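Morning, everyone. I have one structure to walk through today. Please bring it up on your screens.

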Amino acid sequence: MAARTPLDPRCGIARSLDVLGERWALLVVREALLGHTRFSQFRARLGLSPDVLTARLESLVAAGVLQPSTYREDGARERVEYLLTDAGRDLAPVLAALAAWGDEHDPHPDGAARAFTAADSGEPVRVAFVTAAGHVVDPAAVEMLPRVGS
């Protein structure tokens, strides 16, 4: 994937979209977060063509979101699976926020496809704006301001 220059190179949103802005990219990350890390699993679960999947995997590896790792099943040839890096795992709140937005503003009649819970307790979790002092702030009360020099 050729590197693109965002319209505003200081903007983290624009730089993130250069890596993740293609629809299949975040769906590949979703599958990896669910534990599906092999090419065949991505294909079966997402139903995309091998060429498109190969391009998405290559771009996510180049961006440091996924890391290829070889494995070999008994009697089979060596293959590659794609493991999340720290950068890839750090996308979990992004996917949780997207899921919450979709479930709220474009709900499916059968309800949400997945829930986000604390691994140790099973307690439901949500993405939130939190101040340095630990106070949760309603999104309507949050401002996005340009930094000095922007």
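**Starting from one glutamate**

Glu-31 is found in helix α2. Keep in mind that this is a predicted model.

Is Glu-31 buried or exposed? Its relative accessibility is 0%, and the cut-off for buried is under 20%, so Glu-31 counts as buried.

What does Glu-31 touch, beyond residues up to four places away in sequence? His-36, Phe-42, Arg-45 and Leu-46. Take Arg-45 from that list. Arg-45 and Glu-31 form a salt bridge. Their closest N and O atoms are 2.3 Å apart. Arg-45 sits in helix α3, residues 39-46, and Glu-31 in α2, so this pair ties together parts 14 residues apart in sequence. Arg-45 is partly exposed, at 43% relative accessible area, whereas Glu-31 is buried at 0%.

There is a third member here. Arg-30, Glu-31 and Arg-45 are linked in a network of salt bridges.

**The other salt bridges**

How many salt bridges does the structure hold? Seven. I will show two more.

The next one joins Arg-38 and Glu-73. The closest N and O atoms are 2.6 Å apart. Where do these residues lie? Arg-38 is in the loop between α2 and α3, and Glu-73 is in the loop between β1 (66-71) and β2 (79-84), so the pair ties together parts 35 residues apart in sequence. Arg-38 has a relative accessible area of 24%, which makes it partly exposed. Glu-73 is also partly exposed, at 43%.

Then there is a local one. Asp-86 and Arg-89 form a salt bridge, with closest N and O atoms 2.5 Å apart. Both lie in helix α5, residues 86-89. They are three residues apart, about one turn of the helix. An α-helix has 3.6 residues a turn, so residues three or four places apart point the same way. Asp-86 is exposed, with 57% relative accessible area. Arg-89 comes out at 41% and counts as partly exposed.

**Helix against helix**

Back to α2, residues 23-33, and now α4, residues 50-62. The axes of these two helices come within 10 Å. They cross at roughly 75°. An angle from 65 to 115 degrees counts as roughly perpendicular, so that is how α2 stands to α4.

Which residues make the contact? From α2: Trp-24, Ala-25, Val-28 and Val-29. From α4: Val-52, Leu-53, Arg-56, Leu-57 and Leu-60. Sort the contact residues of α2 with α4 by type and you get eight nonpolar, no polar and one charged.

In α1, residues 12-20, the buried residues are Ala-14, Asp-18 and Leu-20. What covers the buried residues of α1 includes α2 and α4.

**The nonpolar core**

Now the inside. The largest nonpolar core has 20 residues. Those with the most contacts inside it are Val-28, Val-29, Phe-42, Leu-57, Leu-60 and Leu-66. Which elements give two or more residues to this core? α2, α3, α4 and β2. The largest share comes from α2, with seven residues.

Look at Val-29 for a moment. Leave aside its neighbours within four places in sequence. Val-29 is then in contact with Leu-60, Val-65, Leu-84, Gly-88, Leu-91 and Leu-95. Phe-42 is another name to recall: Glu-31 touches it.

**Zooming out**

Last, the whole chain. There are six helices and four strands. From the N terminus on, the order is α-α-α-α-β-β-α-α-β-β. Along its principal axes, the C-alpha trace spans about 60 × 40 × 30 Å.

The chain has 150 residues, and buried residues make up 23% of them. What about contacts across the sequence? Among contacts between residues at least 6 apart, 37% join residues at least 24 apart.

Notes: Residues numbered from 1 in each chain as written. Predicted model: local features only at pLDDT ≥ 70, side-chain atom pairs only at ≥ 80, totals over all residues. Heavy atoms only, no water. Buried < 20%, exposed > 50% of the residue type's maximum accessible area, 1.4 Å probe, protein only. Contact = heavy atoms within 4.5 Å. Axes fitted to C-alpha atoms, helices over the stretch in contact; angles between N-to-C directions. Parallel < 35°, antiparallel > 145°, perpendicular 65-115°, else oblique. Nonpolar A, V, L, I, M, F, W, Y, C, P; charged D, E, K, R; others polar. Salt bridge = Lys/Arg side-chain N within 4 Å of Asp/Glu carboxyl O. Core = buried A, V, L, I, M, F, W, Y, C linked by side-chain atoms within 4.5 Å.
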